[in-house]
Amino acid sequence: MNIPEGLLYTDEHEWIRVEGNTGYIGITDYAQHHLGDIVFVELPELDASVAKGEPVGVIESVKAVANLYSPADGTIISVNEELEDSPELLNLEPYENWIATIEISDPGQLQELMSPAAYSEFCSGLED
Amino acid sequence: MSLQSTPLYPLHLKYKGKIIDFGGWELPVQYEGMGIIKEHLMVREKAGLFDVSHMGEVLITGENSQNFVQKLVCNDVSAMQDYHVLYSPMCYPHGGVIDDLLIYRYDPAKYLLVVNAANVDKDYAWIVENLIPGVKAENVSSQYAQLALQGPLAEIILQTLTDTDLSQIKFFHFNPAVKVAGVECIVSRTGYTGEDGFEIYVDPEQAATVWEAILKAGGERVSPIGLGARDSLRFEAKLPLYGQEIDKDITPLEAGLGYFVKLDASDFIGRDALLQQKEKGLKRKLVEFEMVGKGIPRSHYEVQKDGIAIGHVTSGLHSPTFKKPIGLALIDSKFSAPGTEIDIIIREKPIRAVVGQGIFYRKRTKSK
C-alpha cells in the first residue's frame, strides 16, 4: 500500500496536499484498490462552499458507489476535468491525479487529519 | 448463519481472489492483478473459468417425471430429447417468477434441475409441495461442484483434457459422462456470459483437480473469473438475474422472456395468469436504454418521464465491452418504444437516457 509522505489523510481514505491556503484533494491507493476499476467520477461543484466531512463528489467503480468527502471547510476552486473522460487515472496514479482543489478556510482543522504514519496504522487495522 | 464455502475455496485463496459473502457463500468477486474489467474482457476475447458450485441441483426421478417437470415450468418440456438442456422460468400461480432454471433431461423418467443458489431451499420446498404420484425429488446440491469454462477458446482448451469429441455436444445439449483430466463429469454447452462455453458438473472431491487441469491446459489463454465479471458478462448479454430482471412480482412476459413461455404447448402452474396477462396486454415491459447525460444507472434507481415515476432500473453498469453505461429498466409499456427519452434518477437528480433496442451484446453462443 502506497502512502506518500507530505500528505495528510482522512479516515474516509482521501488525501490532501496543502500549498499555502490551497488544498489538493484526491483518493488514496487503499481507496482505489478497494473500489476496483473506477469508471465514473462526479466532480465537486466549482465555487461551492463545503464543510469538512461533507460529500462533495462521487467515485463509481464497476460494482461500487463511493462518496468523496471534503477533508476541510472551504471553497472548491478547481476540479480535474480530465477525470470525467479518464476516471481510470485514479486507479493508475491515485496521488498524481487530484480530484479538486479547495481554498481552505480553517487551517486549524488540518491538525485533525492523519499523518502518513497514522494513516498507515489506520489501514492495517482495517485489513481483514 | 455461518458462511458456506465451495470445494474450490482453497484455490480462490491460492489465486488471490477477493472473497465476499454472496448470499451466504464465500466466493471471489475478482482476482488480484486482474479486476472486473480485465476478467470480463478475458472471457470475451479468450476464456475464463468460474466456480459456480453454489448453484443448486434437484434430481427428479420416476415414471411421471416429464409430466411433473412440465407442471412446474413455462417452457415446453415435452419437446425435449434425451441429453437436451432447456432454460425455463418457474412461476407461481399468479405468474410471478419463483426462479429460472436449466432442465437436463437424461430420459423421460430422470431430470436434473439446476437452480439459483439463493433460491435452492425455496425451490426445493415448492417442488416437494407440488409433487405428484410416481415422482421423487431430491435436493442433490451437495453432490455437485460446478465449474463454467466460457469464451471463444473454451472448446479448444477443454478438448486437450478429454477424449470425448466436444464438437458433438451442441448448444444446450449435454454429455453425462465426459472424462476431463481423468475425472468423470457432466458437460453441457451452456453458460451465462453470451459466449460459447461449457458448464461442468463434478464430484466436489474432484473439483480442484479439474479446475487446476483447465488452468494448466489453458495457460495464458484462461484466467479464473470472479462474480463481478460474471454479473457484468451476463448483463451485457441481457441474460436475466433473479431478484433484478425477474422476481416473484415480475412475470416472465414482462421480463421479455415470452420466448420461454409456451402457453399453447401445455398446462403449467401460472399459465392462466400469464394467458390473461398476454390477452390484456402488458402494462410494463423490460427495456434496454443508454445514458445521454452523465451517470451510471444502478439496480433499483427510479425511472421517470416528465417528472412522473414510470418504473425502475433492474440492472445497469458501465459496460466493459462498449465502454459506456447501459441499463435495463422495467417501465410502463407506454414509454417502451425505442427512441423514447426517459430520466434515470441518480442521487435525486434526473439524468437523461434513451430507450434502445438491440444495443446489448450480440451473443456468440454456437446455436447450431
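This briefing covers a predicted model with chains A and B. Residues are numbered from 1 along each chain as its sequence is written, and chains are lettered from A in the order in which they are written. Because the model is predicted, local features need pLDDT of at least 70 and side-chain atom pairs count only at pLDDT 80 or more, while totals for chains, interfaces and linings use all residues. The model scores ipTM 0.88 and pTM 0.95. Chain B averages a pLDDT of 97, and 99% of its residues score at least 70; pLDDT is the predictor's confidence in each residue, from 0 to 100.

**Contact between the chains**

- 11 residues of chain B are in contact with 9 residues of chain A. Contact means that the C-beta atoms of two residues, placed from the backbone, lie within 7 Å.
- On the chain B side, α2 (36-45), α7 (227-236) and β17 (308-319) each give two or more residues. Helices (H or I, at least four residues) and strands (E, at least two) are DSSP runs, numbered from the N terminus.
- This side of chain B divides into 4 nonpolar, 5 polar and 2 charged residues. Ala, Val, Leu, Ile, Met, Phe, Trp, Tyr, Cys and Pro count as nonpolar, Asp, Glu, Lys and Arg as charged, and the others, Gly among them, as polar.

**Barrel in chain B**

- Chain B holds a closed barrel of 6 strands, in the order β15-β18-β17-β16-β19-β20, with antiparallel pairing. Two strands pair if DSSP finds at least two bridges between them.
- From one strand to the next, the twist averages 45 degrees. The axes are lines fitted to C-alpha atoms, and angles run from 0 to 180 degrees between N-to-C directions.
- Strands β15 (284-291) and β18 (324-332) of chain B are antiparallel and share 7 bridges. In β18(B), L328(B) is the bridge partner of E288(B).

**Nonpolar core**

- The largest nonpolar core has 128 residues, of which I103(B), L147(B), L149(B) and I200(B) touch the most other members. Such a core is a set of buried Ala, Val, Leu, Ile, Met, Phe, Trp, Tyr and Cys residues joined through C-beta atoms within 7 Å.
- Strand β7 (97-107) of chain B gives the most to this core, with 6 residues.
- Leaving aside neighbours within four places in sequence, I200(B) is in contact with Q146(B), L147(B), L149(B), V180(B), C185(B), V187(B) and V210(B).

**Strand β3 of chain B**

- 5 of the 7 residues of β3(B) (25-31) are buried, so this strand is largely enclosed by the rest of the structure. A residue is buried if 20 or more other C-beta atoms lie within 10 Å of its own, exposed if 12 or fewer, and partly exposed in between; C-beta atoms are placed from the backbone.
- Strand β1 (4-5) of chain B pairs with β3(B) in the parallel sense over 2 bridges. Here S5(B) has E26(B) as its bridge partner.
- Strand β2 (17-22) of chain B pairs with β3(B) in the antiparallel sense over 6 bridges. K18(B) is the bridge partner of Q30(B).
- The hairpin of β2(B) and β3(B) has 2 residues between the strands, and G23(B) takes a positive phi near 55 degrees there.

**Open sheet in chain A**

- In chain A, 6 strands form an open antiparallel sheet in the order β1-β2-β3-β9-β8-β5. Its edge strands, β1 (8-9) and β5 (49-50), each pair on one side only.
- Strands β3 (22-27) and β9 (100-104) of chain A run antiparallel and are joined by 4 bridges. Y24(A) stands opposite T101(A), and G23(A) has I102(A) as its bridge partner.
- Strand β8 (74-79) of chain A pairs with β9(A) in the antiparallel sense over 5 bridges. There T75(A) is the bridge partner of E103(A).
- 4 of the 5 residues of β9(A) are buried, so β9(A) is largely enclosed by the rest of the structure.

**Loop residues of chain B**

- Most residues other than glycine have a negative phi.
- K16(B) has a positive phi, near 60 degrees. K16(B) lies in the loop between α1 (9-14) and β2 of chain B, and is partly exposed, with 14 other C-beta atoms within 10 Å.
- F172(B) is not a glycine, yet its phi is positive at about 60 degrees. F172(B) is in the loop between α5 (154-159) and β11 (174-180) of chain B, and is partly exposed, with 18 other C-beta atoms within 10 Å.
- D82(B) sits in the loop between α3 (65-72) and β6 (85-91) of chain B. Leaving aside neighbours within four places in sequence, D82(B) is in contact with R105(B), Y106(B) and D107(B).
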